Amino acid sequence: MRTLLITGPGGSGRTTVAAATALTAAREGTRTLVLSADRTDTLGAALGTPTGPAPRQVAPQLTAWRPDATAGFRDDLTGFQNRAANVLDLLGASRLDPEEVTPLPGAEELTLLRALRDAALAETHDLLVVDLPPTPQALALLSLPEELRRYLRRLLPPERQAARALRPVLGRLAGVPMPAEWLYDTAGRWDTELAAVEAVLADRHTAVRLVAEPGPAGTDALRTAALGLALRALPVESVLAARVLPEDAAASWLAGPVAQQRKALEEWREAYGPVRETAHLGRDPRGTDDLTALAVPGAGAEPAPVEWPLTDHIADDGVLVWHLPLPGAVREELDLVRRGDELVVNAGPFRRIVPLPSALRRCTVDGAALRDGELRVRFVPDPALWPRER
């Protein structure tokens, strides 16, 4: 199954583009599911059919789903209270009733990740179109599974479970129930669920479609989004320019906005290659007729995966070079920190902690350089760790 993640700056019409993309794919005969987590039904407004917590067929070959974050958060909290009953009773905690639970900030994003995982595992569709939040929130959302799994491994290392046999003894000595069993079981379940989401995002059939309205703000948003996606190693399937004004409007009072859009489109084509355009309808699109008029293409050709290759220059220069593509990165906004077997990369407003390939764990960092949108980090083998030639 292919997964097409759609995002863009706020107000760019990304939900409309997600709905139109899904509709086009369905009409081409592709079994398509369009997924959104907006608390308000903006997806249903675009499709002209209400959507909700149960998947609903809105057109031939097209299903829409807007999972309920409140219900998901309520179920999770109830399950947590049941598993932690002994500890909560020990602390004298008062249980929360399901009726008084309201979702906390971020519940929609977690609900969307869970729905993404469930849809991928179900394998009942050929294409999954995901209406992501605006770009800054979307990039934070896409990094969440990897970061949460790292936190879990640091706070609750799996190898610590080897002491499971000692917990009853420790509990009797302390005179209180030991929470480690349920805590590790819960952490293991979360890790499994997060790993499934991470696998979907890292799959070679997953890509991102960026949507923006041509202009200075859209240009800045695309540049930032491209950098953030490259740092997450997520390929861009296409860039789509939304609400493009017709050229004949240049003869009217819209001459200024038309010229501004044309200038932005030229810059986009130079930076990102072919750019797909959707016309400005003069109104907010509503229903399948308007979505058809936009002529938004379905899922295009799969882009090449984002690779971080490692090249061997030991024979010539005595170094290994790790190549990290970071288009749009600025030297003054780059920072690298080696931390054990990990490399902390700060690029503009983004940060990612990546594990080093096994060969580089036996090396020391020798330096780095940014050239043509690619960060090249040099590593020198550590004589104390590097295998010696016979």
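Apart from its neighbours within four places in sequence, Thr-21 is in contact with Leu-4, Ile-6, Val-129, Arg-209, Val-296, Pro-297, Gly-298 and Ala-299. The model in which these contacts are found is a predicted one. Thr-21 itself belongs to helix α1, which covers residues 14–27. Its relative accessible area is 0%, and the cut-off for a buried residue is under 20%, so Thr-21 counts as buried. One of the residues in contact with Thr-21 is Arg-209, and the side chains of these two are joined by a polar contact of 3.0 Å.

The view can now widen to the whole protein. It contains 12 helices and 15 strands. Of its 390 residues, 45% are buried. Among contacts with a separation of 6 or more, 68% are between residues 24 or more positions apart. The protein exposes about 20,200 Å², and 55% of this area comes from carbon and sulfur atoms.

The last stop is the aromatic rings. A pair of such rings is described by the distance of the centres and the angle of the planes. The count for this protein is 1 aromatic pair. Trp-308 and Trp-322 form this pair, with 5.8 Å from centre to centre and 70 degrees between the planes. Angles over 60 degrees count as edge-to-face, so the pair of Trp-308 and Trp-322 is edge-to-face. Trp-308 sits in the loop between α11 (287–294) and β9 (310–313), while Trp-322 is in strand β10 (residues 319–325); the two are 14 residues apart, and their pairing links distant parts of the chain. Trp-308 counts as buried because its relative accessibility is 16%, and Trp-322 is buried with a relative accessible area of 4%.

Notes:
Residues are numbered from 1 along each chain as its sequence is written. This is a predicted model: local features need pLDDT of at least 70, side-chain atom pairs count only at pLDDT 80 or more; totals for chains, interfaces and linings use all residues. Side-chain values use heavy atoms; hydrogens and water are left out. Rings of Phe, Tyr and Trp (its six-membered ring) pair if their centres lie within 6.5 Å; planes under 30 degrees apart count as stacked, over 60 as edge-to-face and the rest as tilted. Helices (H or I, at least four residues) and strands (E, at least two) are DSSP runs, numbered from the N terminus. Buried means under 20% relative accessible area, exposed over 50%, partly exposed in between (1.4 Å probe, protein chains only). Contact means heavy atoms within 4.5 Å. Accessible areas come from the Shrake-Rupley method with a 1.4 Å probe; for residues, only the protein chains shown count as cover. A polar contact is a pair of N or O atoms within 3.5 Å; within protein, one must be able to donate a hydrogen and the other to accept it, and residues adjacent in sequence count only if both atoms are side-chain atoms.
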